[in-house]
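Here is a short briefing to read alongside the structure. Take a look at the model first, then work through the points below.

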Amino acid sequence: MNRINLWKYGYILFLEDPYFGKGPGGFAIASYNDFFANKSYGDLVIDDTHNHPHNFIIQFMVEWGIFGTLLIFILFIKLCITSLKYYFHFKKKQLLISGL
């Protein structure tokens, strides 16, 4: 399977459990189960097992669903905003900012 097909497969898996996802490792487990069940989704044939879809966002949505993904994005944006506030507040103290 190439990357585009992995992304399509990830999207299909996401649609199976869109709210809370399949849990940690859910993409790898679903890929393993679908491969050994000779499952196919239209023209998309699962011909190998994969641990991840080579796309962090798709993997996170498959494993944690929309709620977990939104939570992580909100925390990431908050971290970025807080970091920028500290950067502009302590702009003259370069040693402190070098840790960011």
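What follows covers the overall fold, the surface and one proline.

This is a predicted model, in which local features need pLDDT of at least 70 and side-chain atom pairs count only at pLDDT 80 or more, while totals for chains, interfaces and linings use all residues. Residues are numbered from 1 along each chain as its sequence is written, and side-chain values use heavy atoms, with hydrogens and water left out.

**Overall fold**
- The protein has four helices and two strands, where helices (H or I, at least four residues) and strands (E, at least two) are DSSP runs numbered from the N terminus.
- Along the sequence, the pattern reads α-α-β-β-α-α.
- The protein is more spread out than a compact globule, because its radius of gyration is 19 Å, well over the 13 Å that the globule rule gives for 100 residues; the radius is taken over C-alpha atoms, and the rule is 2.2 Å times the number of residues to the power 0.38.
- The C-alpha trace spans about 60 × 25 × 20 Å along its principal axes.

**Burial**
- Of the 100 residues in the protein, 26% are buried (buried means under 20% relative accessible area, exposed over 50%, partly exposed in between, with a 1.4 Å probe and protein chains only).

**A closer look at P24**
- P24 sits in the loop between helix 1 (3-16) and helix 2 (26-36).
- With 61% relative accessibility, P24 counts as exposed.
- Leaving out residues up to four places away in sequence, P24 touches E63 and W64 (contact means heavy atoms within 4.5 Å).
- P24 and Q59 are 35 residues apart in sequence, and 9.8 Å apart in space from C-alpha to C-alpha.
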